[in-house]
Amino acid sequence: MTQATSSYKDGPAISVKGLEKGFGKFQIHKGLDLDIPRGKVTYIMGGSGCGKSLLLKQVMGFIRPDKGTIQVNGQIMDHKDQKNLHEIRKNMGILFQHGALFDSLNVYNNVCFSLKEHLNLSKKELDENVENLLESVGLSMEHSLKMPSELSGGQRKRVALARAIALKPSIMMYDEPTTGLDPITTMMVTNLIKDVSSRHNLTSIVISHDTHVVFTVAEQIAFIKDGVVRYAGPPKGVFKSHDPDVREFYSLEERYNTED
Amino acid sequence: MLSFAISPITFLGKLSIFIWNSVLGLKRFHKRIPIFFQQFDFIGVQSITVVTFSAIFIGSVLAFQTYVALHYFGMDGYLGSSVGIALMRELAPVFCGIMVAGRAGAAIAAEIATMRVTEQIDAMEALGTDPHDYLMTPRILAGTLSLPLLCIYFTVIGCAAGYFIATVVLSTDGAVYWQQLGWAVDFNDVWQGLSKAFIFGFFLSVLGCFYGYHAGSNAESVGVATNKAVVTTALWILFSDYILTAYLPYDPSNIIL
């Protein structure tokens, strides 16, 4: 059953308690607890296979946890109740690693997909919305008739971001948004995340490996290892952490990024 | 051994939930009418070429082979009725089902599996749209409704091809061919053929959507989903054809020989 607390706006945007998830013999999350503060950019980091994307997919309701609760804006997520999931998802947007634009629709129809689905807007209103959304991600209406296959990697992510924020979600999630991009496009996407988050006052959750970017953009960091959160707090606090794994991960990543 | 027994039950359970969710998608069907017509065009209209060629060859072969048997007993005049009944009741729905499953069912499975692999289905859910009512319901409805029409078309083309062989190649009387065909094929045959086509159309679209939707997350799974969709549909069509032939109520005394 779902229940919303009246004072949820004072608490965290997302609250994960005792999350457990495994696939066969492999236990990925082993009682993971995490609070995502409202209105801040939180980066989730950790080694490959530690369950960062899995956490995001559980928060979005795509995958059902074995145990534990996920609370979004004070509402407990019930994975068995599709209505509840759809309601919660309306307040959340997600940018997938490769954009996940609908191949069969052009940029215009991709961007206004959720507007057409959930709002009764006239053609003129849709045009205005699409124009504003494309503008907010640095694209123009000239791109609106292009198909996803005609866009570059960076443009795809911009269009996907425009589509994700169309319904004005309060929470935005980014699944490795800079993976596979060149350094200039990486910087552009990172700035876009920062810009969109502050302009729309969003709670942002970003999964990334790029420690250089993390320390310039993140207001909060969560480090996952062995199925639990080993560090959650401001970026600078990482270096004061007594957890050797946390210190090792950041020093190795930092060194790798500098050499790269 | 236990998993061997459990897996069909799990499969049927998952399939039932999938079908139920797609039925619930009918509530928002008024918003999916353009997608329905798009799919109707893809599954039905664009299958006409493959159905035409299949019907020509099946009708021709059927006329040849039936003539051999009938001629042996001196019953050449019954060629039209034999061809008409065989096509309407059996060959049109079964061949249409298998041909359309190979063309459209495979394409549906591949398209939806690709959407699964590229996270487009997750993106759709994230945008608050149920993939069942957006993707599955229009496809299932289009497949279910287009196959009976293709079945009628197949029968007409097959009978015409049989007529061509009967008159031009086998030199039998064309007027007798049509007279016998019209006399023998009645409402029961049409009903039996169309109800089979309706069910086979449902199978091919449901299984195409189901295997696509439950595809894994890598490129290989697109091929696996397509393969499973086509093979399972063909087997289900053949199996259910037997069940429907054996148990569908019709009056055997209507067969005029």
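What follows is a working chat about a predicted model with chains A and B.

Trainee: Which helices and strands does chain A have, in numbers?
Mentor: Chain A has nine helices and ten strands.

Trainee: And chain B?
Mentor: Chain B has nine helices and zero strands. Read along the sequence, its pattern is α-α-α-α-α-α-α-α-α.

Trainee: What are the spans for chain B?
Mentor: The C-alpha trace of chain B covers about 70 × 45 × 35 Å along its principal axes.

Trainee: What about the accessible surface, and how much of it is carbon and sulfur?
Mentor: For chain A the surface comes to about 12400 Å², with 50% belonging to carbon and sulfur atoms. For chain B the figures are about 11800 Å² and 73%.

Trainee: How many of the contacts join residues at least 24 apart?
Mentor: Counting contacts with a sequence separation of 6 or more, the share in chain A is 63%. In chain B, on that kind of count, 86% join residues at least 24 apart.

Trainee: Switching to helices. How far does H6 of chain B reach?
Mentor: H6(B) runs over residues 131-169, which is 39 residues, and reaches 53 Å from its first C-alpha to its last. That is close to the 57 Å expected at 1.5 Å a residue.

Trainee: Where does H6(B) bend?
Mentor: At B:Thr137, by about 30°. A proline, B:Pro138, follows within four residues.

Trainee: What caps the N-terminal end of H6(B)?
Mentor: B:Asp130 does, with a side-chain oxygen 3.0 Å from the backbone nitrogen of B:His132.

Trainee: And what comes just after H6(B)?
Mentor: B:Ser171, which takes a positive phi of about 55°. B:Ser171 is in the loop between H6 and helix H7 (174-184) of chain B.

Trainee: Is B:Ser171 buried or exposed?
Mentor: Exposed, because its relative accessibility is 59% and the cut-off for exposed is over 50%.

Trainee: Which residue in chain A has a positive phi although it is not a glycine?
Mentor: A:Asn201 is one, with phi of about 50°. A:Asn201 is in the loop between helix H7 (183-199) and strand S8 (203-207) of chain A. With a relative accessible area of 59%, A:Asn201 is exposed.

Trainee: Back to chain B. What span should H3 have, and what does it have?
Mentor: H3(B) covers residues 48-72, and its 25 residues should span 36 Å at 1.5 Å a residue. The end C-alpha atoms are 36 Å apart, so the span agrees.

Trainee: Which residues of H3(B) are buried?
Mentor: Among them are B:Val51, B:Ala55, B:Ile58, B:Leu62, B:Thr66 and B:Leu70.

Trainee: What covers the buried residues of H3(B)?
Mentor: The cover includes helix H4 (79-117) and H6 of chain B. Just after H3(B), B:Gly74 takes a positive phi of about 70°.

Trainee: Now B:Ser221. Where is it, and is it buried or exposed?
Mentor: B:Ser221 is in helix H9 (residues 219-247) of chain B. B:Ser221 is buried because its relative accessibility is 10%, and buried means under 20%.

Trainee: Last one, A:Lys67. Where is it found?
Mentor: A:Lys67 is in strand S4 (residues 67-72) of chain A. A:Lys67 is exposed, with a relative accessible area of 52%. Beyond neighbours within four places in sequence, A:Lys67 is in contact with A:Gly18, A:Leu19 and A:Glu20.

Conventions
Residues numbered from 1 in each chain as written. Chains lettered and ligands numbered in written order. Predicted model: local features only at pLDDT ≥ 70, side-chain atom pairs only at ≥ 80, totals over all residues. Heavy atoms only, no water. Helix = DSSP H or I, 4+ residues; strand = E, 2+ residues; numbered from the N terminus. Expected span 1.5 Å × (residues − 1). Bend = angle between axes of the 7 residues up to and from the residue. Polar contact = N/O pair within 3.5 Å; in protein donor to acceptor, adjacent residues only side chain to side chain. Contact = heavy atoms within 4.5 Å. Areas by Shrake-Rupley, 256 points an atom, 1.4 Å probe, with all protein chains shown as cover. Buried < 20%, exposed > 50% of the residue type's maximum accessible area, 1.4 Å probe, protein only.
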